[in-house]
Amino acid sequence: MSKATHDQAAPLAPATMTTPTERAGNFVVALRRRWPIALLVFVLTLASAVALTHMQQKKYEATAQILLQPTDAVQGVVSPGSVSSPADAQRDINTYAQMITVDPVADAVRHQLGLKTALPALVSRISVVGQETSNLVSITALDSSAADAARLATAFATQSQAYRKQVALRQIEQALASSEADPLAKVKGSSVAVRVQELQAAAASETGGVQIVRPATVPSAPASRKLLTHIVVGLIAALVLAAAAVLGLEAVDHRLRGSLEFEAAFGAPVLGTIPGGRRLDNPMRLQAARRRAYTDLAARLAFTSVAEGSRAIMMSPASKRESARSFALGLTQALGMLGRRVVLIEADLSAEQALRDGESDEPGGLTAVLTGRSSFERELTDVHFVAGSSSHGRTRALVSYCTLTSGPPVAEPEALLGRAAMSEVLEQAKARGDLVLLTTAPLGQASSVLPLARLCDGVIVLAHEQSTRAEQAELIVDLLRATDVPLLGTALVPEGSAEQNSTSGQGFAGLVPRSRQASANGNGQGAHPRSVAGPQDD
């Protein structure tokens, strides 16, 4: 298949606007991914709300009751003949209730009790509640001391009564002064003289329209902390903070997770996922799961159109975390079991690769071929192993593939990989097998990857689900687009160290070909290709 056909088969995903349903779905996915953090924030917030409720200082409530009269002697004497409507009476009650906490009343209470509290703080400890069906008004005081709460509520009742009386007396005195100024006030029996007598009598008996029904008593128990209310508020706050934590982490963490995100970022399908395993996993089960993953991936390359027409495929890690060598070895052996003749070329000649995979500094491998110190046929290793187990009643099959190891590292790999000799090596490899797989340096080392990209028919990017970031994927896509090499897809692999440790550095069949294994004469100058053979047991 041509490169143009591959480009059409794996187009980059265009940016699209997300609908509310899609955003909700994305949030659910993010919540599933980050549920431990969300659960921790939720539990801590709710626990903090409950703890703060219990840690609050005990408060006591004491209540005094007063009776407010909607009309009094002031209205009857100052404005004779006036009639108050029910609406006016209710309005007067509401006004009088609000006057209980006005500054003159609060200041009088502060002086009476010898308090130094600011007036706003003092008033905040008082609540006034009226009843709809009567003129009774409850004055409730809140304090850390039960006795002080009772004194405070009673003081507000007393001082509000005194304040109302002062206001009423002031109105009567003003009306009395106006009447006494009239000359008829001294004429016995005149209407003005009668009015003066009525005002004088009203001033002597005025109570202000406030009657203290019940002074506050000392409460025997602290007021309820409203635990249920605080829990509900804490629950809402916990849900909001948990959601904010998830959204915040999603905003700052651009690591790709899951096949859908990788496919969207790279614009190509995820061809397979190699299990990573954990420390406590059963090694045999883990190895079996990896064999199945490699077999599925090999079948997809061999029997679908993903790699149709590709003779040389480059396998490139997205970063140093991924091990191209372990992945390529497993895939090569899986393809061999499917009847494909595969030539594996380890084309990562960097010093970092030697440190990761433990390569020796002995001469040989691809380095020797590209420098002219050896030939392709001399450095190529034939690997044979038997697949299947007669103990399970299955037929044994001889599986073979060829491998050309990297050899000793070089300071400037691009200087060798860019030579015409590399193209000749690739042509000889194609002549030996149906498919050539090349492992490369990480894609971040562009100078070591680009010389090989121009020689290959496709590339498979090896990415680690916990470390590959969206911006890293964007750079890789741009790099590959510039080389015109088709991106066949991505493979999600574990970290290189995790995979090698769990399989002792072995591939799919448990074999690790090395350039110096089974050497003809120990110096890479044998007369024929070397071979490594071993069993494969299920």
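Residues are classed here by relative accessible area, computed with a 1.4 Å probe on protein chains only, such that buried means under 20%, exposed means over 50%, and partly exposed lies in between. The structure is a predicted model, in which local features need pLDDT of at least 70 and side-chain atom pairs count only at pLDDT 80 or more, whereas totals for chains, interfaces and linings use all residues. Residues are numbered from 1 along each chain as its sequence is written, and side-chain values use heavy atoms, with hydrogens and water left out. Helices (H or I, at least four residues) and strands (E, at least two) are DSSP runs numbered from the N terminus.

Four strands form an open sheet in the order β2-β3-β1-β4, and their pairing is antiparallel, two strands being taken as paired if DSSP finds at least two bridges between them. Because β2 (126-130) and β4 (210-214) each have a single partner strand, they stand at the edges of the sheet, and one side of each is left without a neighbour in it. From one strand to the next the twist averages 30 degrees, where axes are lines fitted to C-alpha atoms, for helices over the stretch in contact, and angles run from 0 to 180 degrees between N-to-C directions. The antiparallel pairing of β2 with strand β3 (residues 136-143) extends over five bridges, and Val-128 stands opposite Ile-139 in β3.

A search of the whole structure finds eleven salt bridges, each defined as a side-chain nitrogen of Lys or Arg within 4 Å of a carboxyl oxygen of Asp or Glu. In one of these, Asp-148 is joined to Arg-151, with the closest N and O atoms 2.0 Å apart; both residues lie in helix α8 (residues 146-180), three residues apart, or about one turn of the helix. Asp-148 is partly exposed, with a relative accessible area of 29%, and Arg-151 is also partly exposed, at 45%. Another salt bridge joins the side chains of Asp-478 and Arg-481 (2.9 Å, N to O), which both lie in helix α20, three residues apart and thus about one turn of the helix. Asp-478 is partly exposed at 37% relative accessible area, as is Arg-481 at 43%. An α-helix has 3.6 residues a turn, so residues three or four places apart point the same way.

A further salt bridge is formed between the side chains of Arg-432 and Asp-382 (3.3 Å, N to O). Since Arg-432 lies in helix α18 and Asp-382 in strand β8 (residues 381-387), this pair ties together parts that are 50 residues apart in sequence. Arg-432 is partly exposed, with a relative accessible area of 26%, whereas Asp-382 is buried, at 15%. Glu-377 is linked with Asp-382 and Arg-432 in a network of salt bridges.

Ser-160 is placed in helix α8 and counts as buried, at 4% relative accessibility. The side chain of Ser-160 reaches the backbone oxygen of Phe-156 at 2.9 Å. With residues up to four places away in sequence not counted, Ser-160 touches Ile-66, Ile-100 and Val-105, contact meaning heavy atoms within 4.5 Å.

In helix α19 (residues 446-453), the buried residues are Ser-448, Val-449, Pro-451, Leu-452 and Ala-453. The buried residues of α19 pack against β6 (312-317) and β10 (435-439), and also against the helices α17 (413-417), α18 (420-432) and α20 (470-483).

Note on methods. A polar contact is a pair of N or O atoms within 3.5 Å; within protein, one must be able to donate a hydrogen and the other to accept it, and residues adjacent in sequence count only if both atoms are side-chain atoms.
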